[in-house]
Amino acid sequence: MQSPVRPSQNRNTMSRAMPLKLARFWLICSFFLVWAILIAFRLFWLQVVRHSEFLERAERQQQRTFEVAPRRGVLYDRNLHELAMTVQVDSIFAVPTEIDDKQATAHALAAVVHTDPNDNQTTEEQIAARLEAGHSFAWVARRVPEDISSRVKDLIKTRPLKGIYFQKEFQRFYPDNEIAAQVLGYVGVDDNGLGGLEQKFEPQLHGVPGRMYTAMDARRHVLGSSEREPQPGQNLMLTIDENIQFMAERALDHAILRTQAANGTVVVQDVHTGQILALAIRPTFNPNLFRRATPELLRNHAVSDVYEPGSVFKLVTYSAALQQRVSSPDDMIDCQGGKITLAGRIIHDNQGEHYGVISLHKALEVSSDVAAVKLALQVGQDRFYQYIRDFGFGARSGAELPGETRGLLRPVNKWGPSSIGSIAIGQEVGVTPIQLVSMVSTIANGGVYLAPHVLMPGQVDGAAKNQQPVAPLVPSPFKPGSELSNPLPAGSHRVLSTLTAAQMRKMMEGVVLYGTGKEAQLNGYSSGGKTGTAQKIDPATHLYSKTMHIASFAGIAPVNNPVIAVAVVLDSPKGQYYGATVSAPVFAEVAQQVLEYLAVPHDIDLRQPRALSKAELQVAEDDASEHTGDINALYAAANELPSDDPLRAPTNQPVATNQPQPTAAKPQNESQPTATVTLDDGKTLRVPSLVGMPMRKVIEQAAAAGLEVQITGSGTVREQAPAPGTMVAPGTKIVVRCGR
Amino acid sequence: MAACTTTYFEAGRSWSARVAERNAELMAQQSLRRRGVRTPEFCFPKHLDNSRLVKAPDPARARQMRVFSAAITVLFSLTMIYGLQHFRAIESGYRIESEKQVRDQLREDNRQLRLSEAQLTQPDRIDRMARELGFAEPQPGQMVHPSVTSDASAPALAQAAPPAPAAQ
C-alpha cells in the first residue's frame, strides 16, 4: 500500500518547479526570438538594403546581350530604281563538336564554297583550321550566293554532313554593277560603308542595331528574354538618273577605248537646280566585288582630283569682263599677232595663230590667250579673283561626296606679277570637274551659282543625323525646267546678270559652231561650250610635260533654254590629246542621247547623218603652245590647303598622276577590238566591235570575220551598223562611219 | 470460431436465417452454462417514430451557404475567364508570331524579287540584249513624243461623242 502523499512535500516541490520551468521556457523562447529577429534582419538587409547590388550582379551573371544587325538603307536613283540594297543571304557555320571527321568535312565544303580564287577564307585549309580551333562555333563561309547555299544543303543531305547549319545574314547588292560605283562606294564585311555615299552617310544608312537581352542560369539555359527591335537604316534617294548615268558611262567607255586615256570623268548637271544627273568615272570597279578594287579605282576623280583647266577657264575671264562691262561681245580686241608680254613673260596664242584685231566672240571661238589676258587685266586682279570665287572655285562645292578638295587657288595677295595672265588662260589654278560643270551651269541658268548636289534635298539634316524622314520617298523624274526654283536653294548666289549670261551662252555657241568645239555639235539641238587642253606636271621632273595632257570640254545644251551642263575631262589621252578632238565628241554623244531621252524639243532643224568632209572636221587646236605658267604657284597653292584636303595626302600630286590603265574599262559589248569571231552553227556570224579602230584595222578585222565593210569618212571609226555582237549572215556588209 | 466458419460455409439457407439460428443455439448454450438458471429475458420492442422530427430551419446558415455558393461561382467564373483569356492570349501570341514570320518572309521575298528586277532591268544588260537582237539606237528625230498640251486648232484625229438619249 502506498504511503499517502504528503501535501507539504508535494507543495514545496511544486512551488519551486513552476518558476524554474517558466524561466527556462522563456529563456528558450527568447533565444528563438532573437534568432528569428536576426534572420529577419538579415533578410531585410539582403532583400531591401542591398537589393540593387545583388540585382546588378545577377544581371551581369545571367544576362547576355546579343546584337541584332539592322537592315541597311537602300540607295535609290531619282526614279526610285534601286542602286544599292540589302537582302538576306545564307551564311554557313559549323558546330565542331558535332563533326566527327573535320578534315573530310572541310574538304567536302571547300569543294563547294571556294569558287573565288581570290577568296582565301574559304580554302580547305582555312576551313579545317577554324573547325579545329573552334568548339561550339566556326564559320565555314559567309554570305554565299543562293546556288552555293543550295549545293551545300544538297551535300548535307546526300553525304550526310553533321554539324553544319545555316544562318541568315545581310548582304549588300549593287544590281547595276559598275554604274556609279565611285559615287555609291561599297560596304565591307561588317556592313560598314567604305567610300562614296555609303561612307559619307554611314550613320543614316547603317540603322540602329537591335538588342536581345536573355537571362541564363548556370547551365546556360535561357530563363527569359526581351528584345529591342533593330531600326533599319534610312533610305536615300540620289539625284542620279540611272539611264543618264549609263549613257555617260558608255560614252566615256568609247572615249577611253578610243584614246587609251589613263582616266576620264563625265559630269552631267541640271542647270536649274544644280543636281548631278550623272557622274561617270573610268576606270571603275564593281562594288559587288570590292575585294578586287584597288585604292586608285576607288578614287572619285570628279571631286578629289584637280587639274589645270586651260582654255575652259576663259569662260570665267570672259564672263567677268562682260559683267564688268569692260567689253562686249562685238567689241574688237587686238590680239597683237598672238603674243603678249606680261611682267617679263611672253604668252603666246596657239601655234600658227597670229590674230590681229578681231571681235571678242571671235577671240573666244579661236581661244586666243592674248585676248583673255587683256580682258583679265582690264577687270583687275581683285575683282577677277572675286569672280573666280563666286563661280565656286577655290572652295568645296558641298556635294555630298567624301574626299572633296577645294581646288588650288591662291589668294590674290599671293599672286605674282604675271599670275593674272596665267589664271586668265587657266593656268596656275587647279579645279575639279564638278567645279567646272557648276561654272558652266551658272552661265546656262542665267547667272546664278547653284551648289551641286548628289542627294535629293530634305533627306538628311546636318544637325540631326538620326532623324527619319517623315514622308516616304517618291520618284522625282528629271523634267527639264526653264526657270530657277523660288526660293533659291541654300548656297546659291547670283554671279552674272541675265544679260551677261545670255551673251556668254551665245559666245559659247559660237565656239561650237565656228571655233574649236565643232565636234560638240548636236543633231537637232544647239549647243555651246569651251574646249581646253592643259599640260600635266611630270611627277618625275616636277615640270610641265610635253607628252601628258588633260583634255577637257565643258558645255551646255540647248543654248537658248539650257537643260543640262556637261563637263568632260580625259587624263593623258594617247595620240590625239586636244580637248577639241578628244573630249568634245564625248560631250556630243552624251548630250545628244540625254536630250533625246528627256524628250527635249528640237530647237534646230535635224540634219541627215552623213559623212562629214575632212575640211569640216578640221578642228582648231587649243593650248598647243608651251605652258608658261608658274609651276611653283601650284605647289604653293597645294601647300596652303587644309590638312583634311585629299590633295594633302603624301601620295597625291596637285595634278593626277598617270597611273597604268587598269582593266576595268571595257567597251559596251564587252568584246575587245581584237576579239575573235565565233561561228554560231556555221550559218551566222557575230559582228565584231570596230569602234575606235583605224581604217586599215577595220578592213583586216572585217575580212577575218568573213564580213564586208563599207567605210565613210576618214580617221577612226565612230559608229558602226550593225551593232557589235549582232548575229548576221556571212558576207553581210558592215557600214562604219569614221571621223577624226 | 469453428461455429462461425461452419455457419459461413453452410449452404442452402440465407445468411440471416443461418445467423438467427446460430444465435438461438448460442443463447441456449449460454443458458445452460449458467448452471441451469434461466434468467428471464424480456425484449421490449421499441417502435421509434422520428417522423415528427424535422430539421429546424436555419436561415442564417442557408444565407451563408447561398453567399458562399455565389462567391465560389464568381471566383470560379473569374478564374475561368482569366484562364481563358490568358491562354487565348498565349495562343494569339503564337499565331501572331507565326503571322509575323510569314509577313517577314514575304517582305524578304519581295526584296529578293526587287533585287532580281533591278538586276534584270539594268541598262547595260538591256542595251546588250537589244543590240544582239538587232536593235539600234533611234536616230535623232526618230522618236515622236506626244505633246502634253492639246492644240485646239489641230484637226481632230478621233472623236467620241456620248450617245443620244433614247426617246421615250
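Reader: What makes A:Ala180 count as buried?

Author: A:Ala180 has 29 other C-beta atoms within 10 Å, so A:Ala180 is buried. The cut-offs are these: a residue is buried if 20 or more other C-beta atoms lie within 10 Å of its own, exposed if 12 or fewer, and partly exposed in between, with C-beta atoms placed from the backbone. This is a predicted model, in which local features need pLDDT of at least 70 and side-chain atom pairs count only at pLDDT 80 or more, while totals for chains, interfaces and linings use all residues. Residues are numbered from 1 along each chain as its sequence is written, and chains are lettered from A and ligands numbered from 1 in the order in which they are written.

Reader: Where is A:Ala180 placed, and what is its phi near?

Author: A:Ala180 sits in the loop between β5 and α6 (181-184) of chain A. Its phi is near 55°, a positive value in a residue other than glycine. Most residues other than glycine have a negative phi, and most peptide bonds are trans. As for the names, helices (H or I, at least four residues) and strands (E, at least two) are DSSP runs, numbered from the N terminus.

Reader: Which residues does a cis peptide bond join, with omega about -10°?

Author: That bond links A:Arg159 and A:Pro160. A:Pro160 belongs to the loop between α5 (146-158) and β5 (164-173) of chain A. Another cis peptide bond, with omega about 0°, joins A:Arg282 and A:Pro283. A:Pro283 is in the loop between β12 (276-282) and α10 (295-298) of chain A.

Reader: Why are α12(A) and α14(A) called oblique to each other?

Author: Start with the angle: the axes of α12 (residues 314-323) and α14 (residues 369-379) of chain A cross at roughly 45° and come within 9 Å. Axes are lines fitted to C-alpha atoms, for helices over the stretch in contact, and angles run from 0 to 180 degrees between N-to-C directions. Angles under 35 degrees count as roughly parallel, over 145 as roughly antiparallel, 65 to 115 as roughly perpendicular and the rest as oblique. The two helices, α12(A) and α14(A), are therefore oblique to each other.

Reader: How many residues of α12(A) are buried?

Author: Ten of its ten residues are buried, so α12(A) is mostly covered. Among them are A:Leu315, A:Val316 and A:Leu322. After α12(A) comes A:Arg325, with a positive phi near 60°.

Reader: What makes β19(A) and β20(A) a pair?

Author: Nine bridges join β19(A) to β20 (residues 544-557) of chain A, and the strands run antiparallel. Two strands pair if DSSP finds at least two bridges between them, so nine is enough. One example is A:Gln535, whose bridge partner in β20(A) is A:His549. In the hairpin of β19(A) and β20(A), six residues lie between the strands, and A:His542 takes a positive phi near 60°.

Reader: How many residues of chain B are in contact with chain A?

Author: In chain B, 21 residues are in contact with 27 residues of chain A; two residues are in contact if their C-beta atoms, placed from the backbone, lie within 7 Å. On the side of chain B that touches chain A, α3(B) gives the most, with seven residues.
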